[in-house]
Amino acid sequence: MLTSRISQSCRVTSQNVFRRFQSAQARLAESSIESMREENIFTEEHIALRQSLRKIIENEINPHVEQWENEKMFPAHRVMKILGSNGFLGVNKPVEYGGLGLDFSYSIAVAEELGNIDCGGIPMAIGVQTDMATPALARYHNYRGQRWRRLHHQWSKMWITSGTQADWMCLLANTGGEKAFFNKSLICLPLDTKGVDRTTKIEKIGMHSSDTAQVFFEDVRIPKKYLIGDEGQGFTYQMLQFQEERLFGVASVLLGLEKCIAYTIDYCRERKIFGKPILDNQVVHFRMAELATEIELLRSVLYRTVGKFLDGQDVTKRASMAKLKGGRLCREVSDSCLQYLGGSGFTHNPVSRTFRDGRLGSIGGGADEVMLSIICKYMGTLPGRKK
Ligand SMILES: Cc1cc2nc3c(=O)[nH]c(=O)nc-3n(C[C@H](O)[C@H](O)[C@H](O)COP(=O)(O)OP(=O)(O)OC[C@H]3O[C@@H](n4cnc5c(N)ncnc54)[C@H](O)[C@@H]3O)c2cc1C
C-alpha cells in the first residue's frame with residue numbers, strides 16, 4: 001500500500017515536471033532568441049528563421065524522437081527532405097547549389113535552434129551534412145578533370161555519421177606525395193561506388209537516433225571529378241572546415257544544456273525531502289545558477305567568434321576554446337543535473353539523455369586534449385612549436 005502510494009506520488013511528480021518542462025522549453029527558446037537580439041551580428045531575419053524552424057521541429061521532428069531513439073536511427077532522407085524543402089539545409093551555401101546564399105551567422109542561428117530537438121543525435125547528423133562535410137565542397141567545388149584515382153587496396157574508416165544511409169561521404173584520403181601536409185585530398189565519394197561497404201553499424205552508448213558506420217573500402221576507383229578542389233590540398237581544406245564544424249557543434253548544444261537545468265529546477269522544486277524542496281538547498285540552486293552562467297558565457301564566446309569569422313579573421317584559437325568549453329559543459333551540466341534528480345536521474349528522461357549524448361562533446365570533432373594542443377600552439381607553449 002505504502003509502496004503504491006509512493007510510486008503514485010513519484011508518477012504525479014514526474015508528470016508535473018514534464019508539463020512544466022514543456023513550458024520551460026518554450027520560455028528558454030524565447031530567451032535564447034533574446035540573447036541573439038542583443039548581438040549585433042544577428043538581425044530580425046535570424047530570429048524569423050529560428051521561429052519557422054522551431055515550428056518544423058515541434059511538428060515534424062520532436063513527435064518522432066522517442067521512436068527514432070528506440071529504433072537507433074532517424075530517417076535521414078525524410079528529415080533532410082523536410083528541412084531542405086523549407087530552406088533550412090545549408091542556409092549559407094550558394095544559391096546555385098540550393099542554399100540560401102546567407103552568411104555563416106544564419107547557420108549558427110539554425111544550429112542553436114536545432115538544440116530544441118529532444119535528442120543530440122539528430123542535430124549532430126544535420127550539422128555533419130550542412131556544416132561539417134560540405135563547407136570545403138561549397139568553397140572549392142569539384143575538380144574538372146576526368147581521370148581516375150585508385151585508392152589503397154583495403155582500408156576502412158570508423159565513425160561515419162549517417163554512414164549506413166548517406167548517399168555520399170566527404171573523405172580525406174592519402175592520394176600520394178612526399179610532404180606530410182600535401183599528400184591528402186578531400187573527396188566527395190558516392191557510397192554506392194563499387195568496393196565500398198558501409199553495412200557495419202556501430203553500437204553506441206548515446207546519440208541513438210544517429211546511425212554511425214564503419215565504412216570499408218576495397219580497390220575503390222574514384223573518378224577525379226569527385227575530388228574537392230585541388231589534389232593534395234585536402235588537409236588544408238579540412239583544417240578550415242573544422243572551424244565551421246566546431247562552432248556549429250557549440251551552437252547546437254546550448255539549448256539542450258539550458259533545458260537540462262530547467263528540467264532539474266522544476267523537478268527539485270516539486271520533490272521534497274523532509275518537507276523541504278530539494279531546490280531550497282543552497283548548494284542546489286547555487287549550482288544551477290553557476291552552470292547557467294557558464295552556458296551564457298559560452299554563448300558569448302560563440303557569438304563573438306562568429307563575428308570574427310564573418311570578418312574573415314582566423315578563429316582557430318577561439319573556436320577551439322569554445323569547442324573545449326562546450327564539451328566540458330555538456331559533461332558538467334548533465335552530471336550535476338542528473339545527481340540532483342536522485343534515482344530518477346538514473347532512469348530515462350531528458351537529463352539522462354543529455355548525459356549520454358553530451359558525453360561525445362569532449363571526444364568527437366577533436367577531443368578536448370586536441371583542442372588544448374591547438375590553444376597551446378597559439379599561446380606558444382606547445383613543446384617544439386614555440387613561436
Ligand atoms: C558517435 C560518433 C560520431 C562520429 N562521427 C564522425 C564523422 O561523421 N566523421 C568523422 O570523421 N569522424 C566522426 N567521429 C570520430 C570522432 O571525431 C573521433 O572519435 C574523435 O575525433 C576522437 O578520435 P579517436 O576516436 O580516433 O580517438 P583517439 O585519437 O584514439 O584518441 C583517444 C583519446 O586520447 C586522448 N588524446 C588524443 N590526443 C591527445 C593528445 N594530444 N594529448 C593527450 N591526450 C590525447 C583523448 O582523450 C582522446 O579521446 C565520430 C565519433 C563518434 C563516437
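In what follows, Ala, Val, Leu, Ile, Met, Phe, Trp, Tyr, Cys and Pro count as nonpolar, Asp, Glu, Lys and Arg as charged, and the others, Gly among them, as polar. The structure described here is a predicted model.

**Ligand shell**

Sorted in this way, the shell around the ligand holds eight nonpolar, six polar and two charged residues. The ligand is surrounded by 16 residues, and the closest of them are Trp159, Thr161, Gly364, Ala367 and Glu369. Two elements, strand 2 and helix 12 (368-379), each supply at least two residues of this shell. The ligand lies between domain 2 (142-235) and domain 3 (239-379), because both domains give residues to the shell.

**Domains and annotations**

The protein chain is divided into domain 1 (2-137), domain 2 (142-235) and domain 3 (239-379). The centres of domain 1 and domain 3, taken over C-alpha atoms, are separated by 16 Å. To the contact between these two domains, domain 1 brings 34 residues and domain 3 brings 31 residues. On the side of domain 1 that touches domain 3, two or more residues come from each of helix 1 (2-37), helix 5 (104-114), helix 6 (121-132) and helix 7 (135-140). Helix 1 gives the largest share of that side, with twelve residues. By class, the side of domain 1 that touches domain 3 has 15 nonpolar, 13 polar and six charged residues.

The feature "domain: Acyl-CoA dehydrogenase/oxidase C-terminal" is placed by UniProt (unreviewed entry) at residues 232-377. The table gives the make-up of each annotated span in the model.

| Span | Distance between end C-alpha atoms | Helix | Strand |
|---|---|---|---|
| Residues 43-140 | 29 Å | 65% helix | 0% strand |
| Residues 232-377 | 24 Å | 75% helix | 3% strand |

Strands of a sheet pair through backbone hydrogen bonds, either parallel or antiparallel. In this model, three strands form an open sheet in the order 2-6-5, with antiparallel pairing. Strand 2 (154-161) and strand 5 (196-201) are the edge strands, and each pairs on one side only. From one strand to the next, the twist averages 25°.

Strand 6 (residues 212-218) pairs with strand 2 in the antiparallel sense over six bridges. Within strand 6, Phe216 is the bridge partner of Ser156, and Glu218 stands opposite Gln154. The antiparallel pairing of strand 5 with strand 6 runs over four bridges. Gln214 in strand 6 stands opposite Thr200.

How values were computed: Residues are numbered from 1 along each chain as its sequence is written. This is a predicted model: local features need pLDDT of at least 70, side-chain atom pairs count only at pLDDT 80 or more; totals for chains, interfaces and linings use all residues. Two strands pair if DSSP finds at least two bridges between them. Axes are lines fitted to C-alpha atoms, for helices over the stretch in contact, and angles run from 0 to 180 degrees between N-to-C directions. A residue is near a molecule or strand if its C-beta atom, placed from the backbone, lies within 6 Å of it. Domain bounds come from an automatic or database domain assignment. Two residues are in contact if their C-beta atoms, placed from the backbone, lie within 7 Å. UniProt positions are given in the numbering used here, feature names are shortened, and annotations may be inferred rather than shown by experiment.
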